[in-house]
Amino acid sequence: MDYEATRREFIRTAGLLGGGALVLSVLPGRAYAAPAPLQTSDAAGVPLDNRMTTDDQWGAFLRGQDLLWKRLPTVWHEGPFLGDGLLGTGVYKEPGQNQIRFTVQHAEVQDHRPQFGSAFGVCRLPVGHLTLEPVGTISSVDWRLGLWNAELTGTVTTGSGKLAFQVFIRDQILVASVTASGSEQVRWVFHPEEAISPAAASKPLPDGYTKNPPWTTRTTGDIKQVIQPLSAGGQTATAYREIAGPATGQRLLYVSVAHSYPGTTAEATSLNRVQGASATVWADYMAGHHMWWHSYYRRSFLSLPDQRLQAFYWIQLYKAASGTRAGGPVMATTGPWLETTPWPAVWWNLNVQLEYWLIQGSNHPELDAITSTLDKSRQQLISNVPSEYESDSSGLGRSSDMFCNRSVPVPGSGTPEIGDLPWALHNVWLSYRHAMDDAMLRDVLFPILRRSVNYYLHFLTTDSSGKMHLPPTFSPEYGVNAPDCNYDLALLRWGCQTLLEAVARLGITDSLAGTWQRVLDNLTPYPTDSNGFMIGAGVPFAQSHRHYSHLLMVFPLSLVNWDQSANRTLIQTSVDHWIGLNTALRGFSYSGATSLYAHMGQADKALTYLTKFFDPGLSYPIRANTMYTESGPVVETPLSGAQAVHDMLCQSWGGLIRVFPAVPAGWPDVTLHDFRTQGAFLISASRTAGVTRFIRVRSLAGELCRVKQDIAPYTLPTLYQAESASLSKGVVESNHEGFTGTGFVNLDNVAGSYVQFTVNASAAGPATLVFRYANGTIANRPLDIAVNGSTAAQAKAFPSTGSWNNWQTVAVSVQLQAGTNTVRATSAAASGGPNLDRLAVQTSRAPLTVTLDDGTAAAWRDLGYGAVEIDLPKDREALIHAAGATPALTIAPVPVSTPGAAWGLPT
């Protein structure tokens with residue numbers, strides 16, 4: 001039977017409804033270390049014809065995606081940008097001067113006075129900028145931001161000659177090589193900037209706020225430094241040195257920024273960095289920089305026939321690695337490229353989440369700063385909740401510094417935006433699911449999510465019908481509080497479901513497991529009306545709004561999804577209504593619409609909104625250098641555009657990898673290689689002339705491998721509802737959500753309880769039986785599967801699904817006779833079997849060839865609807881293609897059918 005809480009456990013968790021303290025079990029933990037970059041290779045695997053293996057091949061391809069400038073950029077969103085995850089620079093004309101500005105900003109440089117809020121008290125602080133000041137008047141430029149080498153190269157032509165330069169950032173050091181010709185000269189000037197919030201340009205200073213002290217300077221040999229003390233303690237130090245380079249007339253500039261708090265070590269740190277880098281042989285230092293980036297790009301490959309979109313995608317991968325690294329601070333709204341903005345901090349109610357989605361599919365866990373940031377900030381997350389809840393809860397307010405310093409409101413008062421920490425933890429969950437790293441689950445995700453869900457539990461109430469409700473909370477950033485806010489209902493459901501899955505995965509016992517299940521069973525349904533999902537109870541979605549926070553249950557959580565046929569009308573209505581009210585939409589609204597329609601399988605509609613994302617006629621379009629601005633830089637918007645491309649080409653959710661789920665008609669050719677999915681698989685696939693030629697799957701963790709393909713046509717399975725079958729020692733129930741039909745069968749907790757289906761087959765032959773079930777315990781509940789009285793599978797495992805609301809499937813290969821067959825599923829243990837929802841019988845098999853990496857046939861099952869299940873051990877590969885001869889297994893750039901101009905200012 002289902003999980004039944006004992007009276008003792010109920011008393012211990014009574015705080016769920018009565019306001020008392022929740023009693024927690026404590027897991028042993030450790031400080032989580034981010035995984036080292038995974039090295040992948042085709043050696044001893046499926047013999048792909050991979051034409052993206054050499055430096056020459058990669059260099060030539062990425063050169064085609066480079067940004068170009070034939071005109072001098074005049075603002076930050078037109079110019080080149082460089083970074084190493086901490087130090088960043090943007091390049092454009094110095095306003096009103098015959099000079100070129102190179103901004104010098106750093107992701108760790110911030111104020112430390114939380115009493116003045118995130119806009120002023122813990123905001124990012126400016127450092128300064130360099131100017132390159134030619135002798136003659138600038139007449140033209142010819143620049144290239146080369147992605148392969150992550151460097152800016154080019155010339156500046158003036159009335160006095162030329163300046164040829166090469167600039168890159170490595171290990172928090174900006175390095176610039178400049179060579180003058182004619183009568184030109186290399187002249188650099190560093191301009192410190194006042195250490196005050198960039199928000200001061202548009203907002204009044206808070207009451208009681210005093211400015212930070214002025215900077216001071218010092219010189220050590222030929223190294224100059226600017227030291228910026230802070231009122232709260234600590235300092236920022238910038239060191240710079242200019243020396244002669246190895247080539248005739250070459251000048252080398254080294255600039256480094258360091259920040260320390262509360263100590264004053266930044267001064268020595270910046271000095272030491274410049275001394276070390278400038279003492280290294282120039283060619284060796286540059287080669288080390290190139291080596292990191294060349295290894296970075298090789299982790300995955302994607303090619304599209306739309307040139308401008310393809311270039312945009314690769315620029316976002318460059319931007320992501322320029323803006324963030326695991327172990328470093330999570331990106332602020334501007335990334336490391338600080339400019340004037342009202343948002344000079346980290347925003348947790350959409351921005352952070354969108355910034356990091358693309359790292360999953362592109363196979364870049366080395367960029368995951370969210371997991372490391374939340375891991376290091378556990379105590380601050382506890383301190384963010386009111387003191388009476390600190391014993392068991394954690395939270396995070398809308399915006400913070402890199403240390404997550406922002407209190408979370410109390411539901412029912414003020415602007416109670418509660419769900420931002422759970423949503424950020426969904427990103428951690430994505431990292432876990434793409435790596436299947438149980439240490440990350442056990443030591444980071446589970447304990448923090450547990451405390452985050454606890455904060456919700458304190459405020460749940462129960463009505464006379466037994467339904468649980470949330471008091472008014474805030475859906476970002478709609479502007480109105482609502483009880484039973486869909487933003488929070490979705491995150492609470494996801495949180496409870498994920499905690500139960502974690503308990504099952506880790507094999508642990510938790511005193512709150514029964515509480516999480518009761519929340520899933522009794523939480524009020526999502527409020528809806530004729531226009532679809534509402535903001536919350538009594539609050540319709542009635543005005544244009546850029547956020548899709550009321551639709552999180554659809555995307556990215558996939559709690560309500562297109563595979564659930566009964567929900568399709570609701571999803572379609574909700575998404576169409578949201579995006580149809582368009583007066584307040586912004587760039588990330590269009591990338592979000594692309595992802596939503598891609599998850600609905602509506603490829604051409606998804607492309608329509610992705611194309612709109614780049615429409616220069618919009619009020620807020622993507623800019624010339626692929627940056628984006630509203631009232632200031634907001635880096636998440638273009639990065640989310642790359643994720644929209646991912647969602648069109650490969651999705652993984654619900655235990656199923658969907659290859660090419662929403663490829664528009666205008667993309668006849670597409671190539672993917674080493675695209676990482678949930679379950680820790682690497683997918684390579686090729687599509688030519690509108691036909692998918694092959695799919696290669698590599699298992700990194702040995703998880704259940706299920707792939708939905710469009711290589712071969714398929715027939716629909718025949719469905720048999722369990723509640724209509726014959727039962728022995730079981731009952732039909734409907735008290736858990738997510739079942740199909742009118743209910744499900746709950747088998748008694750005894751060996752021998754069974755469900756028996758009567759199955760018809762038009763002809764004798766092989767078939768696949770797919771049982772849909774739920775198992776809310778942490779233990780396997782095996783079933784003996786018999787066909788016509790003969791055992792087909794003895795003690796077939798039906799492992800935990802985490803909760804009784806989470807339905808999964810188990811497949812069994814059998815032989816059926818022509819005509820009527822009996823299929824009996826019998827509990828094989830005293831604990832009884834799982835809850836059974838239905839049986840799907842697939843009597844035909846898609847005309848596919850599925851082989852392992854050694855050329856032998858793989859064991860696989862046709863699950864229907866185009867999905868196949870493959871027995872694929874860890875570190876093995878499988879190849880899927882149409883039945884018959886093996887096609888060309890080519891990984892290469894696809895032909896461009898839609899030409900487009902380079903990004904930048906190419907004309």
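Guide: Start with E703, which counts as partly exposed because its relative accessibility is 22%. Partly exposed is the range between buried, which is under 20% relative accessible area, and exposed, which is over 50%, using a 1.4 Å probe on protein chains only. This is a predicted model, in which local features need pLDDT of at least 70 and side-chain atom pairs count only at pLDDT 80 or more, while totals for chains, interfaces and linings use all residues. Residues are numbered from 1 along each chain as its sequence is written, and side-chain values use heavy atoms, with hydrogens and water left out.

The side chain of E703 meets that of R505 in a salt bridge, 3.1 Å from N to O. A salt bridge here is a side-chain nitrogen of Lys or Arg within 4 Å of a carboxyl oxygen of Asp or Glu. Helices (H or I, at least four residues) and strands (E, at least two) are DSSP runs, numbered from the N terminus. R505 also counts as partly exposed, because its relative accessibility is 32%.

Strand 29 has a partner of its own to look at. R696 lies in this strand and E877 in strand 45 (residues 877–882). Their side chains meet in a salt bridge of 3.6 Å, N to O, so two parts 181 residues apart in sequence are tied together. R696 is buried, because its relative accessible area is 1%. E877 is buried too, with a value of 3%.

Some salt bridges share partners, and in this way E477, R546, R586 and E630 are joined into one network. Within that group, E477 forms a salt bridge with R546, and the closest N and O atoms are 2.8 Å apart. This pair links distant parts of the chain, 69 residues apart. E477 is in the loop between strand 21 (473–474) and strand 22 (481–482). R546 is in the loop between strand 24 (532–533) and helix 16 (568–580). E477 counts as partly exposed, because its relative accessibility is 23%.

The pairs described here are among the 33 salt bridges that the structure holds.
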